[in-house]
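User: Could you walk me through reading a model like this one, feature by feature? I'd like the general idea each time, then the case at hand.

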Amino acid sequence: MRLSELSRDELVALRTESQTAYDALLERGLKLDLTRGKPSAAQLDLSNELLELPGAGRYTDAAGVDCRNYGGTQGLTEVREIFAPLLGVPAAQLVAGDNASLSIMHDALVFSLLKGTTDGPRWVDQPVKFLCPVPGYDRHFALCEAYGIEMVPVDLGPHGPDLDQVRALVADDPSVKGMWVVPTYANPDGAVYSEEVTRALVEMETAAPDFRIFWDNAYAVHHLTEDERPAIDVLGLAEAAGHPDRVFVFASSSKITFAGAGVSFFGSSPANVAWYLGHLAVRTIGPDKLNHLRHALYLRDAEGVRRLMRAHREILRPKFDQVAEILTRRLGEHELASWTDPEGGYFISLDVPDGTASRVVALAKQAGIAMTAAGAAFPYGRDPRDRNIRIAPSMPAPADVAAAIDGLATCVLLAAAEQRLG
Ligand code: PLP
């Protein structure tokens with residue numbers, strides 16, 4: 001029966017039953033971690049061939065450049081050509097970098113703050129605000145917080161943010177300089193931006209002439225179903241809308257090959273690529289081209305990436321199904337929580353009764369189940385409704401995912417019963 005319809009006696013019974021289950025959970029002394037969306041060892045093993053590449057005596061790219069040496073700031077052509085069709089960015093407008101797209105986002109932000117974009121003076125002398133669709137990625141918010149950028153939350157739906165909110169915020173306030181977007185299988189709620197929403201974002205009039213969309217396509221090819229939808233040509237749409245320089249595209253192979261040793265990408269208009277490379281040239285004399293070569297030899301082409309992602313899906317999908325099955329079985333009848341059923345990406349977003357997420361996460365922690373901090377998916381770590389919990393099922397073994405989610409469900413029930421009884 002629905003939690004809201006339970007009588008006081010039934011609630012007391014639920015609390016007693018949940019407390020007993022929770023005490024048993026404490027007895028088990030679990031040590032499980034569902035905090036971060038890391039690939040599992042089985043997923044990393046898929047790319048172990050990289051450890052043998054490029055192989056002794058092999059160090060030149062297709063153009064004959066010695067990859068052991070300095071230079072080539074834009075990155076190897078072959079690796080850019082592999083990812084260009086997957087990201088919907090022409091290879092000439094794509095930069096291949098080192099192992100973390102987060103570093104590129106950091107740099108793009110800091111270059112804008114200290115040097116200005118192609119469209120205006122440096123941001124650091126003015127108040128700067130970023131729109132943050134919520135729930136969102138905690139590290140995007142950490143970047144803003146670290147550099148004094150005020151974050152303005154906007155509601156994120158399954159196909160993108162609330163456009164009325166976005167349009168109203170950008171229209172009159174020139175300090176709104178940017179916006180975070182995770183367009184495909186957003187972290188954490190799996191939203192996929194539609195072409196219609198994308199078009200609206202690149203077309204809308206903004207008070208700031210140097211407004212930038214930080215389009216972080218981290219999960220562009222991370223499908224959990226057979227519907228392998230292609231990336232939206234956001235740069236083409238922006239150009240057609242008369243705002244060719246509005247969008248910075250970011251991506252990486254972190255969750256394709258090795259999370260700590262992949263290749264990252266920056267894509268944008270020709271003017272923005274020249275701007276980025278100009279500043280980058282001060283920071284580095286070139287990326288790790290041997291890693292580019294290794295990836296090009298291993299992945300071969302876009303189809304090679306798609307094949308590899310299907311192998312990831314085989315490993316990941318059962319874990320996601322298991323989470324859905326356990327949450328439905330344990331929480332479904334009480335209709336007290338809702339959770340996403342993502343078609344890709346790395347996360348399930350769980351909404352528990354308002355005001356209980358922190359308590360649930362604390363109970364889980366005490367029972368040895370580490371969850372991402374409640375509120376982490378919101379700017380400044382503040383979930384105004386204290387209801388959202390991010391579940392990252394990729395890393396633990398299937399049996400551990402099951403034990404952790406079952407334990408989490410016990411914590412949700414206990415916290416909800418406690419709250420209703422006051
Ligand atoms: N962007 C999003 C949305 C992510 O979820 C993550 C990792 O969880 C990253 C970026 C990190 O990417 P990278 O490993 O390329 O720095």
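User: Let's start with Tyr-185: buried or exposed?

Analyst: The general idea is to count C-beta atoms, placed from the backbone: 20 or more others within 10 Å of a residue's own make it buried, 12 or fewer make it exposed, and anything in between is partly exposed. Tyr-185 has 25 C-beta neighbours inside 10 Å, so it counts as buried. This is a predicted model, so local features need pLDDT of at least 70 and side-chain atom pairs count only at pLDDT 80 or more, while totals for chains, interfaces and linings use all residues. Residues are numbered from 1 along each chain as its sequence is written.

User: Where does Tyr-185 sit, and what is its phi?

Analyst: Tyr-185 is in the loop between strand 6 and helix 7; helices (H or I, at least four residues) and strands (E, at least two) are DSSP runs, numbered from the N terminus. Its phi is near 50 degrees, which is positive in a residue other than glycine. Arg-300 also has a positive phi without being glycine, near 70 degrees. Arg-300 lies in the loop between helix 10 (289–299) and helix 11, and it counts as partly exposed because it has 13 C-beta neighbours inside 10 Å.

User: What does Tyr-219 touch?

Analyst: For contacts, look for two residues whose C-beta atoms, placed from the backbone, lie within 7 Å. Leaving out residues up to four places away in sequence, Tyr-219 touches Thr-184, Tyr-185, Gly-344, Gly-345 and Tyr-346. Tyr-219 and Gly-344 are 125 residues apart along the chain, yet their C-alpha atoms are separated by 7.6 Å. Tyr-219 is in the loop between strand 7 and helix 8 (234–240), and it is buried because 24 other C-beta atoms lie within 10 Å.

User: Which peptide bonds are cis?

Analyst: Omega is the angle to read here. The bond joining Leu-53 and Pro-54 is cis, with omega about 0 degrees, and Pro-54 is in the loop between helix 2 (41–45) and helix 3 (77–87). The bond from Asn-187 to Pro-188 is cis too, with omega near 10 degrees; Pro-188 lies in the loop between strand 6 (176–181) and helix 7 (195–203).

User: Asn-187 again: which residues are around the ligand?

Analyst: A residue is near a molecule if its C-beta atom, placed from the backbone, lies within 6 Å of it. Around the ligand you'll find Asn-187, Asp-216, Tyr-137 and Ser-101, among others. The shell has 5 nonpolar, 6 polar and 1 charged; Ala, Val, Leu, Ile, Met, Phe, Trp, Tyr, Cys and Pro count as nonpolar, Asp, Glu, Lys and Arg as charged, and the others, Gly among them, as polar.

User: Which residues of helix 4 are buried, and why are they on the same side?

Analyst: An α-helix has 3.6 residues a turn, so residues three or four places apart point the same way. In helix 4, the buried ones are Ser-101, Ile-104, Met-105, Ala-108, Leu-109, Phe-111 and Ser-112. They cover an arc of only 160 degrees around the axis (taken from the directions from the helix axis to the C-beta atoms), which puts them on the same side of helix 4. Their cover includes helix 5 (138–146), strand 7 (212–216) and helix 9 (270–283). Just after helix 4, Gly-116 has a positive phi of about 85 degrees.
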